[in-house]
Amino acid sequence: NPNKKFIITGHSLGGGVAAAINEMFHEHINDINMRCICFAPCASFSHELLESTKKWCKSYTMEGDFVPFLTFRNIVDLPQDSIPSTLRVYLKKIIKKRIQKQKYNPKLVPYDSNPFNEPPPPLNDILNDPVDMFFKPVQLYPPGECYILKLGKDNKGISIRKTKNDDYFTGFRNDLYELRHMMSFYREQVMKFCENYFDIMKIQY
């Protein structure tokens, strides 16, 4: 049924899975009419892959929700005294084990060659040298065009704004709060927003 319209959705890890499935369908079925709407998806795409997801995916995250910020790279970049030492040692072991799975095969340079006789490498190659993956994990991003849901006064009403750039989730913020991530909380707030929106539309028309 090529005219069928599909919308795939998910929350948290389910949001990351939904976005990945959406990309798989678009890769294998060129004319499929499918979009993805995620709520607080986990960061699961490299920056290079992120650009392709913006064509047909939107992500909505409640302001203060910590899950889209949970990446190995963000943990590595934390100041030394920001988390207990026992937990930091444990996390470093996990991250090191994950990084060691990477394969790095640099181009061999003859021992008798003069590097000054060769043209310098392009700046982009220097900035994106894969050797960095052996010191720090690749930064991951939530999929699609990302929007922030901001609660109003006394947690009444929400406003929606687009993130300024892709780097919004590339560092922990001071206002993160674990209870903001509950699916029941998202459902309640989004339903209220939709009801209010349709009430306004009825008044106007």
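The structure holds seven aromatic pairs. In one of them, the ring centres of Tyr60 and Tyr147 lie 5.3 Å apart with the planes at 20°, so that pair is stacked. The two tyrosines come from distant parts of the chain, 87 residues apart. Keep in mind that this is a predicted model.

**The Tyr60–Tyr147 pair**

- A pair of aromatic rings is described by how far apart the centres are and by the angle of the planes.
- For Tyr60 and Tyr147, the angle of 20° falls under the 30 degrees that counts as stacked.
- Tyr60 sits in strand β3 (residues 57–62), while Tyr147 belongs to strand β4 (residues 145–151).
- Tyr60 has 19% relative accessibility, so it counts as buried.
- Tyr147 comes in at 18% relative accessibility, so it counts as buried too.
- Both values are under the 20% cut-off for buried.

**The cavity**

- Rolling a probe the size of a water molecule over the atoms shows where empty space is left.
- Here the count comes to one cavity of 30 Å³ or more.
- The largest cavity holds about 40 Å³ of space.
- Its lining includes Thr61, Met62, Glu63, Gly64, Asp65 and Phe69.
- Also lining the largest cavity are Ile148, Tyr168, Phe169, Arg173, Asp175 and Leu176.
- By type, the lining of the largest cavity splits into six nonpolar, two polar and four charged residues.

Notes: Residues numbered from 1 in each chain as written. Predicted model: local features only at pLDDT ≥ 70, side-chain atom pairs only at ≥ 80, totals over all residues. Heavy atoms only, no water. 1 Å grid on protein atoms, 1.4 Å probe; cavity = no way out; pocket = protein on both sides within 12 Å on 5 of 7 lines; lining within 4 Å. Points joined across faces, edges and corners; volume = space filled by probe spheres on them. Nonpolar A, V, L, I, M, F, W, Y, C, P; charged D, E, K, R; others polar. Phe/Tyr/Trp six-rings, centres within 6.5 Å; stacked < 30°, edge-to-face > 60°. Helix = DSSP H or I, 4+ residues; strand = E, 2+ residues; numbered from the N terminus. Buried < 20%, exposed > 50% of the residue type's maximum accessible area, 1.4 Å probe, protein only.
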